[in-house]
Amino acid sequence: MSAEKNYLALDLGAESGRGILGTLSDGILKLTEIHRFETGPVNLPTKYLSRQIEKSDNSLVWDFLRFWQEIKNCIQLSSRKSTLSSIGVDTWGVDFALLDQSGQLIAFPYHYRDSRTNGVMELAFERMPRAKIYEITGNQFMQLNTLFQLYSLVVNDAPQLKITDKLLMVPDLVNYWLTGRAVAEFTEATTSQILDARKSQWSPEIISAMGFPAHIFPEIVQPGTILDPLRPCLVEELGCNPQVVAPPTHDTGSAVAAVPAGVEDYIWISSGTWSIVGMNSQKPVINQQSYEGNFTNEGGANGIFQFSRNVMGLWIVQQCRQQWQKQGNDYSYNDLTEMAKKAPHLKTIIDPDFSAFLQAGGMIEKIQDYCRLTNQPLPENEGETIRAVLQGLALRYRFIIEQIEHITGKKAACIHIVGGGTQNQLLNQFTADASGREVITGPIEATAIGNIIVQAVALGGVSGWEEGREVIRNSFDIQNYQAGERTEWDQAFELFKRNLQKTTLAF
């Protein structure tokens, strides 16, 4: 009988953060949610004046001092429940913090939806052509990428950049506060569009062209690196002394690490606020077709690259729900899905990557505007609105999957969907129907599970990746969805592609 080991995943998302305790014993992993807290951005009044956008008196930032207290609560509550072997942190991508020479946080990290990057991409391309940036990084272009966030500070002669000693991506900031070690974990660094994908190092060419201070970019470490124990002050405060391990700190990397695949070539979809659709590759896929399709190459566990593309995901559903709540209708996500089931089939479909859907607010009206633009019937109620979104997501998935297969020359045997979005069974079935493929869903808590499995491999609690996948298959429910009738979906897909010519994509 194997000794019981306990690993803590600190999983920070765009809406909430959680401490998930993973207990591994006799090849079975059990999860316990220790603590959950809200994340989300806050509007902070500021005198920041952008040269690219109209005068603004507020910025959208992350309240990381509050997050830090909640993270410590997670650790303390976990250590009271069991002896922790290690801690691993994962978060969203692209956002970063700036530290001064004393290691102090200079300002709250900006939220990726902050408007200060409006118009900055075009200015950056004056410093280095778009195609050259892609040739180096293999990253898809989004105005929220670290490259453009950081360049907005250069363009506006931001004073904080002049006193910066280190740039730390968001999970690296947490690891620094935990251990005192300032490093950049590889998977998160690959979201920045400042990393040379082929060399797996920061790109001196991009750094020089954009006028970034070269000294602020820290050493890069691979996922599975054992960093350090907790700082002595935290050992005293929290009453425990686990190791801190760097899992794939980009949450997509951790989620994909939890895919319980039994075949080599498959499509994976990490489904949540964002959806990310991809296929694993031993090397970055960088060519003219991937550039024109705006595909990205991000790091994954075990030395792989994740060739993928972002999709707006369930963000649109979340925004609709919030808008209805403000109107006095407090629907649960299950309520909305049940309404969508009863709505007419393929009456209306949207493209979730339409540019207007990127920004928060007025989402219902934006969906109606999209329908007018594409000459489709307007959704008449909540169910029709949500069904239009879910059907559009499934068709966007199919569009990207067919592009991936064409670019890589590989045919995917099936689709694995992991993450919180797997709980939407209607979307899972739509994905199978729209793509004509078997869809395998689960585990739901993929990000935390992948995070924990990497910790276990690093510390020897699991022998390697094959055993890790076996642990996942033995420990969590996996569901299968088979494709149904294709004719109507094929017709809808042709309409979806025609509508692309009438719209502007967010990325």
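The legends below describe close-up views of a predicted model.

**View 1. Helix α1 against helix α6.** Helix α1 spans residues 64-81 and helix α6 spans residues 170-179. Their axes come within 12 Å and cross at roughly 60°, and α1 and α6 are therefore oblique to each other. The crossing in which α1 passes α6 is right-handed. On the α1 side the contact is formed by Phe 64, Trp 68, Ile 71 and Ile 75. These meet Val 170, Leu 173, Val 174, Trp 177 and Leu 178 of α6. By residue class, the contact of α1 with α6 has nine nonpolar residues, no polar ones and no charged ones.

View 2. Val 170 lies in helix α6. With a relative accessibility of 0%, Val 170 counts as buried. Leaving aside residues up to four places away in sequence, Val 170 touches Phe 64, Thr 91, Trp 92, Asp 95, Phe 96 and Glu 188. Phe 64 and Val 170 are separated by 106 residues in sequence, and their C-alpha atoms are 9.3 Å apart in space. Both residues also belong to the contact of α1 with α6.

**View 3. Helix α13 against helix α15.** Helix α13 covers residues 333-342 and helix α15 covers residues 382-408. The two axes come within 7 Å and cross at roughly 90°. That angle makes α13 roughly perpendicular to α15. Leu 336, Met 339, Ala 340 and Lys 341 are the α13 residues in the contact. Their partners in α15 are Glu 382, Gly 383, Ile 386 and Arg 387. This contact of α13 with α15 divides into four nonpolar residues, one polar residue and three charged residues.

**View 4. Helix α15 against helix α16.** The axes of α15 and helix α16, residues 425-435, come within 8 Å and cross at roughly 45°. Helices α15 and α16 are therefore oblique to each other, and their crossing is right-handed. From α15, the contact draws on Arg 387, Leu 390, Gln 391, Leu 393, Ala 394, Leu 395, Tyr 397 and Arg 398. From α16, it draws on Leu 426, Leu 427, Phe 430, Thr 431, Ala 434 and Ser 435. Nine residues of the contact of α15 with α16 are nonpolar, three are polar and two are charged. Arg 387 of α15 is in this contact and also in the contact with α13.

View 5. The structure holds zero disulfides. Cys 74 is accordingly in no disulfide, and the nearest cysteine sulfur, that of Cys 240, is 12 Å away. Cys 74 is buried, at 0% relative accessible area. For Cys 371, the closest cysteine sulfur is in Cys 320, at 11 Å, which is too far for a bond. Cys 371 is buried as well, with a relative accessible area of 0%.

**View 6. The cis peptide bond between Gly 442 and Pro 443.** Most residues other than glycine have a negative phi, and most peptide bonds are trans. The bond joining Gly 442 and Pro 443 is cis, with omega about 5°. Pro 443 sits in the loop that links β20 (439-441) with α17 (446-459).

View 7. Ser 200 has a phi near 55°, a positive value in a residue other than glycine. Ser 200 is placed in the loop between β10 (195-196) and β11 (201-202). Its relative accessibility is 19%, so Ser 200 counts as buried, the cut-off being under 20%. Asn 375 is another residue other than glycine with a positive phi, near 60°. Asn 375 is in the loop between α14 (363-373) and α15. Asn 375 is exposed, with 66% relative accessible area.

**View 8. Glu 467 in helix α18.** Glu 467 is located in helix α18, which runs over residues 465-475. At a relative accessibility of 33%, Glu 467 counts as partly exposed. Glu 467 and Thr 39 are 428 residues apart in sequence, and the distance between their C-alpha atoms is 34 Å.

Notes: Residues numbered from 1 in each chain as written. Predicted model: local features only at pLDDT ≥ 70, side-chain atom pairs only at ≥ 80, totals over all residues. Heavy atoms only, no water. Axes fitted to C-alpha atoms, helices over the stretch in contact; angles between N-to-C directions. Helix = DSSP H or I, 4+ residues; strand = E, 2+ residues; numbered from the N terminus. Parallel < 35°, antiparallel > 145°, perpendicular 65-115°, else oblique. Left-handed = near helix turned anticlockwise from the far one by under 90°. Contact = heavy atoms within 4.5 Å. Nonpolar A, V, L, I, M, F, W, Y, C, P; charged D, E, K, R; others polar. Disulfide = S-S within 2.5 Å. Buried < 20%, exposed > 50% of the residue type's maximum accessible area, 1.4 Å probe, protein only.
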